[in-house]
Amino acid sequence: MTETSDLFIIGGGINGCGIARDAAGRGLSVVLAEQGDLAQATSSASTKLFHGGLRYLEYFEFRLVREALAERETLLVAMPHISWPMRFVLPYHPDMRFESDTPTSRLLGIFMPWMRGRRPAWLIRLGLFLYDSLGRGRILPKTRTVDLAHDPAGKPLKPKFRHAYEYSDAWVEDSRLVVLNARDAQARGAKIMVGTRVVSATRANGHWEIVTEGPSGRTTHHARVLVNAGGPWVEDIFRNVARINSTEGVRLVRGSHIVTKRLYDHDKCYFFQGEDGRIIFAIPYEQDFTLIGTTDEDHKGAPGTAVCTPEERDYLLAFASNYFDRPVIREDVVWDYSGVRPLYNDGAKSATAATRDYVLSLDQAGAPMLNVFGGKITTYRRLAESALDRIVPFFPGTKGKWTARVPLPGGDFPHDGVADLTARLQGAHPYLSAYHAGRLIRAYGTEAMVILGDARSLADLGRDFGATLTEREVHWLISREYARQAADIVWRRSKLGLRMTAQQIDALEAFMTGRILTAEQTGTYI
Ligand SMILES: Cc1cc2nc3c(=O)[nH]c(=O)nc-3n(C[C@H](O)[C@H](O)[C@H](O)COP(=O)(O)OP(=O)(O)OC[C@H]3O[C@@H](n4cnc5c(N)ncnc54)[C@H](O)[C@@H]3O)c2cc1C
């Protein structure tokens, strides 16, 4: 029989790992089980923005927007390697259409009925002014107007777009964010189990008895509080794993992205408002690519089955082609991905309108169970704090909030210090190309130095798997970052899958299979 932990967390997405880190740092004993790889579901399929959600202002979701805006700068400081500021160009044109049943639409309908489905330029400027004021930070520059006829941002666009607004939000490497939270939780005492599915959870004598199936077979765990951070599986977990009846539910809304060859030369993103009332982003991605998304479709199948359908791909291509001078075509697409938003089922009419806010629901019909619905990558740290607010009353004497000012692993350097750190790494390891050094700093921050250690040449880093991935880095990812398969490394710990051939990925898989077998036989990695 295992010891009784304070918390058992189901789900290794951003919410499960964020809660695990916060709780472990407060001294609670924590066990987390993830059925596959960390961030394998929604938390690696996002648009990867730390953003306030400009369009949620349309829905008067002021608390959500204010909390998210204020949070951006806290996060930029805590993880300057995996997140950075971005400027967004929002071209203005009278053809743009907005959802007609938002609170803003209804209000505008009373005072300016002739503007149905449209927004005057002054209202967009006002929205951005509100966005700046609610944010009130020191790092991110404020909104400005852009003359597209003379600004480089106008160059790739159709000439009919003459004016734009430019505002700030931030980028984050979503799946690395998850793994760094898991690592920090582990460093503070949490036990993180990947490839471990929770098959049942039962209340027994004021505790939870949890059965998992993982690499070492079936295991029974005991915990005082159960946290259900199953994302799109949240409802499946309380109904079928814990066998709890509830009127609450989750609404699954699929969002797909396409990745194309790089479509333009500058480093800004575009915010495109469509003629159907929806918006999409076009974002510079992994240096040589452009990320375009997202869609918004009610998802009917199992959460794990989300794929970008040909219709969604064509929709995104047509949407972007309304703005770019050169049409974006199928042949430009090199990759796509899809994820499912686990939204709290509040009976909203359309997929776009369903609340993006998170809901924490505590079931106390016996040992406590906290169910986590919704949430954004941006608010994961605040969500974890709110979750702990609900949990700590069961553990009198637990320490208070702490995560706002503590960097994630590798993030202990100034928020604008990436160029300096990269130069230092290249100084110490002159055999690295600029791309290789930059990639390592963006992935590992100050820990890049630790990974390279005393290597004096590329050969010292061992086998070369392609696209600058070396054996030394693979060892780190297996032994420190819970990677078990090639896909964990090339699609989640990194995006090197965009640059590696199928043969190179197969060779990595074969190499890892040998290593993981050794790990499972001996109990240690490598
Ligand atoms: C298309 C799209 C774009 C988005 N863009 C943004 C954005 O730009 N910015 C932003 O802030 N937010 C964004 N979001 C929202 C954000 O991605 C999600 O809110 C967040 O990732 C949800 O995380 P989670 O931990 O709740 O769920 P998940 O990441 O899905 O994690 C749940 C985990 O639970 C595991 N699990 C389920 N059942 C079991 C079981 N029985 N045993 C063990 N493990 C189990 C699953 O395998 C999964 O890994 C976006 C979402 C989507 C879909």
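In this predicted model, Phe-88 stands opposite Cys-269 in β12, a pairing that belongs to the parallel arrangement in which 2 bridges join strand β4 (residues 83-92) to β12. On β12 there is a further partner, strand β13 (residues 279-285), which pairs with β12 in the antiparallel sense over 4 bridges; in β13, the bridge partner of Phe-272 is Ile-280. β12 and β13 form a hairpin with 5 residues between them, and within that turn Gly-277 has a positive phi of about 90°.

The burial of β12 (residues 269-273) can be stated completely: 5 of the 5 residues are buried, so the strand is largely enclosed by the rest of the structure. In a regular strand the side chains alternate between the two faces of the sheet. For β12 both faces are covered, with Cys-269, Phe-271 and Gln-273 buried on one side and Tyr-270 and Phe-272 buried on the other.

A second hairpin is made by β8 and β9, with 2 residues between the strands, and Asn-205 in its turn has a positive phi of about 50°. Strand β8 (residues 197-204) and strand β9 (residues 207-214) pair in the antiparallel sense over 7 bridges, and one of the pairs sets Ala-201 against Ile-210, its bridge partner in β9.

**The ligand site**

The ligand is surrounded by 38 residues, and the closest are Glu-34, Ser-43, Leu-49, Gly-375 and Thr-378.

| Residue | Protein atom | Distance to a ligand oxygen atom |
|---|---|---|
| Glu-34 | polar side-chain atom | 2.7 Å |
| Gln-35 | polar side-chain atom | 2.9 Å |
| Gly-375 | polar backbone atom | 2.5 Å |

Taken alone the ligand exposes 1,000 Å², and the protein buries 97% of that area. The elements that give two or more residues to the shell around the ligand are α1 (14-25), β8, β11 (250-261) and β16 (333-344), and of these β16 gives the most, with 3 residues. By residue class, the shell divides into 13 nonpolar, 20 polar and 5 charged residues.

**Helices**

Helix α4 (residues 121-135) has 15 residues and reaches 21 Å from its first C-alpha to its last, close to the 21 Å expected at 1.5 Å a residue. An α-helix has 3.6 residues a turn, so residues three or four places apart point the same way. The buried residues of α4 are Leu-123, Ile-124, Gly-127, Leu-128, Tyr-131, Asp-132, Leu-134 and Gly-135. Just after α4, Arg-136 takes a positive phi of about 45°.

Phe-511 has its place in helix α14 (residues 502-522), where, at 9% relative accessibility, the residue counts as buried, the cut-off being under 20%. Phe-511 and Ala-486 are 25 residues apart in sequence and 9.0 Å apart in space, taken from C-alpha to C-alpha.

**Backbone features in loops**

Which backbone geometry is found at the peptide bond from Gly-293 to Thr-294? That bond is cis, with omega near 20°, and Thr-294 is placed in the loop between β14 (289-293) and β15 (297-298).

Thr-468 has a positive phi of about 75° although it is not a glycine, and this threonine is found in the loop between β19 (464-466) and β20 (469-470). Tyr-482, likewise a residue other than glycine, has a positive phi, near 65°; Tyr-482 is found in the loop between α12 (471-480) and α13 (486-493).

Conventions: Residues numbered from 1 in each chain as written. Predicted model: local features only at pLDDT ≥ 70, side-chain atom pairs only at ≥ 80, totals over all residues. Heavy atoms only, no water. Expected span 1.5 Å × (residues − 1). Buried < 20%, exposed > 50% of the residue type's maximum accessible area, 1.4 Å probe, protein only. Pairing = 2+ DSSP bridges. Near = heavy atom within 4 Å. Polar contact = N/O pair within 3.5 Å; in protein donor to acceptor, adjacent residues only side chain to side chain. Areas by Shrake-Rupley, 256 points an atom, 1.4 Å probe, with all protein chains shown as cover. Nonpolar A, V, L, I, M, F, W, Y, C, P; charged D, E, K, R; others polar.
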